[in-house]
Structure formats: structure tokens, C-alpha cells
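Here's a structure to look through together.

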Amino acid sequence: SRSGPGRTLRGAKGAAPPLPRDKSGGPNVEAKEGRGAEEEKEAKAKEAENEAAPRKRVIDGRMTGLVTQWKGHMGWIKPLCKIAHEQASRHQGRIYLAQKDVVSVGGEPAVVKEGKVVDFFVYQDGDGLGAEECRQRAVVRTALSHQQARQALKDSPQWSEYLTDSEHYPAFEREHGALLRKYAWPLPFVLLEVWGHDEEIVKAVLALAKKGAEGDDAAKVQVRLMVSEDDAEKAKTLPGGAKVSDAPVFSRPLPCHEVSLEGTPEECGEVVRAVLKLTMGEA
């Protein structure tokens, strides 16, 4: 059957899973390598077996999840919302993903990475649930003041063991088509991640800015976006006179500078698009 170790991610980019432990408590590298080779062989055999097996799509809409394991040609997704299906508990509640079911980008095979948020349709075959037409999402990091966050985030959050130090908001995603993740780190502002496809991200960031301002009809809004230290100099050329902080505003999981702009929703939307283009491939 499809099987593999669970993954625990830390921070926005994820982290390598812990190695198996030997009797002394140290990493048992031989056990990990042997288990990994056996699982890969088993997975390839199962993938070939299921190639001709009939599939049945079991959910009409797309689901959202996190890639917790990827072996180069196959891997596993942990859904962020419960799937109401009799097979949902198999494989530790994870969804199987094959490279051929990942939507290509620009005609080229998409590079799947552990820690990425994806959306997908769910199918059932002879070995449980799998993902098809899987799309990887981009991410933008944004910030609100604590007062703005209290005003903007009134829906009930949920938690996932794979999204550590944070909570996410399913109701926000249903409304805006983008996953909203709020970090619990002790910062002088609230750090948020918006995972989605480009225009969904733009609309979601602007929706947050409007809710944190003077309501949905605010003529002007302020957006606060994060870029890595490596991209801070490039960010100074962003449109609309966006300002870049001289020093990083936080350092975990990597130093980031703040890009801020107050303007019309159209002006701020252009800055969000420019930051997306600048940071593409980072997270």
C-alpha cells in the first residue's frame, strides 16, 4: 500500500523531518535509508499497478492541503480540512500525489516542494484517496497592526500540526479563494501569509487591508508586505513609491524587510503583484 513517514514542518518554509532514533537515542541513518528505499520501491510498484485502475472523483470542489513528503515522482498531501469519506483515514489521513497529477507551469513539469500549499481534486482508486489536477500556490507575507487584525479576523480559526506556531481561517478561504495563515509569534504586528494564485492573493490582501481600515468602501488602504533581505534592494524599485524598511522587521525563519504603501486599492494591488513577481519561487 501507499505508505511513508509523516512530516512535521517548522516555519513558513518547512524543515526536514527527524531521523529515526536508535536505541541510544541517536539518529539511525541506516534505518532511514533502508526504509526509504523500500518505500520508494513499493510506491513505484503501486503507482504502476494503479495506472490502469479506474478513478472516481469523490468531491466536487477543490481541497487545500500541504505537501508533507515528496520523493521526486510521488508524495503525500495533508488536507487542511476534514474529508468526509470512508477512505479518508487511510495512510494516516494523507492524500497520495503523483507527478503526473501536478498541473504544469508554462508547459513545463511543476517542481513540487515539501512545505508548499496546494489545491486539488480528490479521487478514489483501489488504494485509497489521491489528488489530481493539483496546483501549487504562491505566497505573500503581509502584516496588520494588532488592532487591525482584531477587526479583520473575526472568523473562527483552525489549527494543523503541520502549520506550527500558527492558525488558519477556512471561512476566509471560502470567501476569497486564498488560504490565510496567522502566526502566533510575539511581534509588534500580526504576521500573515496569504497562499493562493496571483489574482486571488491580490484580492485577499486588499480585502484584509480594507477590513483593517475604515470598512470595505475605504478610498485609500495601506498594505504592508514582507520581502527577504536578499530582495530588499530590488524592492526599492517597486511602483507607486512603496517604502522599504532600512532594517529587517523580523528574522524568523529568515530576515525580512517591510514594503509599505498607502494608496488606492488599484495602486496597492499593483504593488502586491510586483512583490509576487519579485519573490516568486522563494517560499
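Q: Which residue in strand 9 stands opposite serine 166?
A: That's tyrosine 183. One thing to keep in mind as we go: this is a predicted model.

Q: What makes strand 8 and strand 9 a pair?
A: Two strands pair if there are at least two bridges between them. Strand 8 (residues 166-168) and strand 9 have three bridges, so they pair, and they do so in the antiparallel sense.

Q: How do you know that strand 9 pairs with strand 10?
A: Same test: at least two bridges are needed. Four bridges join strand 9 to strand 10 (residues 190-196), and the two run antiparallel. At one spot, leucine 179 stands opposite tryptophan 195 in strand 10. The two strands form a hairpin, with six residues between them.

Q: Why is strand 9 called largely enclosed?
A: Buried means under 20% relative accessible area. Four of the five residues of strand 9 (residues 179-183) are buried, so the rest of the structure largely encloses this strand.

Q: Why is glutamate 173 called buried?
A: Its relative accessible area is 14%. The cut-off for buried is under 20%, so glutamate 173 counts as buried.

Q: Where does glutamate 173 sit, and what does it touch?
A: Glutamate 173 is found in helix 3 (residues 170-176). Leaving aside residues up to four places away in sequence, it touches Thr64, Arg137, Ala178 and Leu179.

Q: Why is alanine 138 called partly exposed?
A: Buried is under 20% and exposed is over 50%, with partly exposed in between. Alanine 138 has a relative accessible area of 25%, so it lands in that middle class. Alanine 138 lies in strand 7.

Q: What does alanine 138 touch, not counting residues up to four places away in sequence?
A: The list is Val194, Trp195, Gly196, Asp198, Ile201 and Leu276. Take glycine 196: it is 58 residues from alanine 138 in sequence, yet the two are 5.5 Å apart in space, C-alpha to C-alpha.

Q: What lines the largest pocket?
A: The largest pocket has 30 lining residues, and Lys116, Gln136, Arg137, Ala138 and Met280 lie nearest its centre. Strand 6 (128-136), strand 7 (138-144), strand 11 (221-228) and helix 6 (265-279) are the elements that give two or more residues to this lining. Strand 7 gives the most, with four residues. The volume of this pocket is about 630 Å³.

Q: How do the residues of that pocket lining divide by type?
A: There are 16 nonpolar, seven polar and seven charged residues in the lining of the largest pocket.

Q: Which elements supply at least two residues each to the lining of the largest cavity?
A: Strand 7, helix 4 (198-211) and strand 11 do. Among the lining residues are Thr142, Leu192, Val205 and Val223. By type, the lining divides into seven nonpolar, three polar and one charged.

Q: How do you know that strand 13 is mostly covered?
A: Seven of the eight residues of strand 13 (residues 256-263) are buried, and buried means under 20% relative accessible area.

Q: What makes strand 11 and strand 12 partners of strand 13?
A: At least two bridges are required. Strand 11 and strand 13 run antiparallel and are joined by eight bridges; valine 223, for one, has leucine 261 as its bridge partner in strand 13. Strand 12 (residues 243-244) pairs with strand 13 over two bridges, also in the antiparallel sense. There, valine 244 has valine 259 as its bridge partner.

Q: How many helices and strands does the chain have, and what share of its residues count as buried?
A: The chain has six helices and 13 strands. Of its 283 residues, 50% count as buried.

Notes
Residues numbered from 1 in each chain as written. Predicted model: local features only at pLDDT ≥ 70, side-chain atom pairs only at ≥ 80, totals over all residues. Heavy atoms only, no water. 1 Å grid on protein atoms, 1.4 Å probe; cavity = no way out; pocket = protein on both sides within 12 Å on 5 of 7 lines; lining within 4 Å. Points joined across faces, edges and corners; volume = space filled by probe spheres on them. Nonpolar A, V, L, I, M, F, W, Y, C, P; charged D, E, K, R; others polar. Buried < 20%, exposed > 50% of the residue type's maximum accessible area, 1.4 Å probe, protein only. Contact = heavy atoms within 4.5 Å.
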